[in-house]
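Biologist: Please take me through this model. I want the criteria behind each label.

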Amino acid sequence: MQKKINPHSFHIPVMGLAFTLDSPIKVAKYGISSVISIVDDFIIEKMNEYYSNKFKIPYKEISTKVEDFRAKRITSYLNTVDTIAKQTFENLKSSFEEKSSDFEKYMEMLPDFSDLKQNFINTIQNNTLKEDVNNWIQNNLTLGSIDVNIMTKLDKVNYNKNEQLPSEFNDAHAALRGFANSNLESSVVLSAGMNPRLYSYFENFNDFFPTADNFLKKKIVLKVSDYRSALIQGKFLAKKGLWVSEYRIESGLNCGGHAFASDGYLMGPILEEFKNHKDDLIRDVHQILVGALENKGKHIPNTPLELKITAQGGVGTSKEHEFLLDNYNIDSVGWGTPFLLVPEATTVDSQTLKTLEKAGEKDLYLSNVSPLGVPFNSLRGSSNEVIKNKRITNNKPGSSCPKKFLVSNLDYTKQAICTASKKYQTIKLDELKLEDPNSEDYTEKLDAITAKTCLCEGLSNAAILKYDLKHKGEEQGVAICPGPNMAYFSKELSLKEMVHHIYGKVNVISTKNRPHMFIKELKMYIDYFSNKVDEVKDSVSKKQEKYLTNFQNNLHDGIEYYNHLFSSFESNKEILLNELETLKNELYNIKIPILVKA
């Protein structure tokens, strides 16, 4: 089986619950890979109906009364997406003789250095027969991968009435089953850390094990923030006979969505470590895999399976894109946030799109709105923020919590409830009323309670509004989670414009003062570190002192790495070194509180 050339050196990562929910339907036919969130089976069911009707595919509703409805909804939608993507791809391949066709667009968007593009030009020049050109197209053009994302932390227990269901009906487990039972031949991206029980559940599905010809129908991708976590998780899965096909390195802070900050480890040094130890990673994990497959009586590959290293988080220029590919031998670069301004690729309602276009650096910030208790990238002026604040003003804070994907608190109930819910916030506010409203920290406590917002609804509502889908319940508006990079993209873009920007054919960034992605991330980490120091300045424990010291040392190591790296640059060297020196001094001036022994 001839391996087809991957047409693009970028991919579109998962964004929110709905922003990339139908991206493969829009872009897979052009060879562009993207990732669907399979968290929210409610919006997935609505989108399945919408697209089934649009493309005249038979549709049967899967109600919440159906056994295992969550997994079945996900399977059904993924099969619908797969059918549509393949159908539109076949239409594209047959349109090569038409002017302004999708085929022409496919070829135009390929980078000039693409082997695929050069091979097509050679085929056209050397073959006058239509049949020969058709054969080349069929044998060489590739559909973009239709990947899915599971946030491993979102694995709540489910109930039938008041009876707790077995763990395979937990949210993340059911989502995995939904993907595993689908027709897709693609990858599941696991994000937000390790979930041993979920990882063990993969063993139930043969598609994750290699066939006799070393083919993986379904692959595992781990989103990681450092080499150590990649090695630990890779070995854990290998002991179960499961191979990680890709490690997707994401900046802890210079990204969209939830921000899982590292302990001061920076993107550049992390990528360097993966580059230097990739062969070790493959060898060590392969050895464990072989033993596990042997014990299971499954096929054992005589050579290691393919392993890709990809990166994402804050990339914004073609030079940064090329640098990551060339300097770190990255297989693909994730471009997320800028694609929120590309309606041909993502799903964003018109009001939110306008707010994104106007957003500057100060409009994009890390908030504490997430019920998970993890910093969350937020946009000032989003309709979700406006509606939430209006409720607070009217003394009606909290959400009705119809979906319950983020429930986690067990302080007051037997079954977990969400900290953004009316139920939880009412209890907490009633407790707060017993305290002195004039006390120093009263307002701070009040804000901490009411800050949490309904992300289950907020992150899926863009699709409801964009496609005018039926929706019951109270208005929540749209919560959107762009990374800081959004500040430098200020207009709606066509798909072709965005792709041409990635490959350096055009420049869609008008501002002249956009910082380099490594400088931007370093600045964010120093600000994050400064805030952590402020949190404990009045009372620091030994554990906190050790954590902060380690954090600061890691930042110092990162700065030294960048000093050496930037010194080798041919362009912007002096500017980057000066910016680095400024940040180094800023870090030096942050003093960690010292524990004073009594």
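Biologist: How much space lies in the second largest cavity?

Modeller: About 60 Å³. That volume is the space filled by probe spheres set on grid points, joined across faces, edges and corners. The model is predicted: local features need pLDDT of at least 70, side-chain atom pairs pLDDT 80 or more, while totals for chains, interfaces and linings use all residues. Residues are numbered from 1 along each chain, and side-chain values use heavy atoms, without hydrogens and water.

Biologist: What makes C401 a lining residue of the second largest cavity?

Modeller: Lining residues have an atom within 4 Å of a cavity point, and a cavity is a set of points on a 1 Å grid over the protein atoms alone where a 1.4 Å probe fits but cannot get out. C401 is listed in that lining, with C418, C454 and C456 also among its residues. C401 therefore has such an atom.

Biologist: Which classes make up this lining?

Modeller: Eight nonpolar, two polar and two charged residues. Ala, Val, Leu, Ile, Met, Phe, Trp, Tyr, Cys and Pro count as nonpolar, Asp, Glu, Lys and Arg as charged, the others, Gly among them, as polar. So K403 counts as charged.

Biologist: What lines the largest cavity?

Modeller: It has 15 lining residues, with K388, R391, G398, K452 and T453 nearest its centre. Helix α13 (residues 383-393) gives the most, five residues.

Biologist: Why are β2 and β3 called paired?

Modeller: Pairing takes at least two DSSP bridges. Four join β2 (residues 33-37) to β3 (residues 146-151), so they pair. Both belong to an eight-strand parallel barrel.

Conventions. Helices (H or I, at least four residues) and strands (E, at least two) are DSSP runs, numbered from the N terminus. On a 1 Å grid over the protein atoms alone, a cavity is a set of points where a 1.4 Å probe fits but cannot get out, and a pocket is an open set with protein on both sides within 12 Å along at least five of seven lines; lining residues have an atom within 4 Å of a point.
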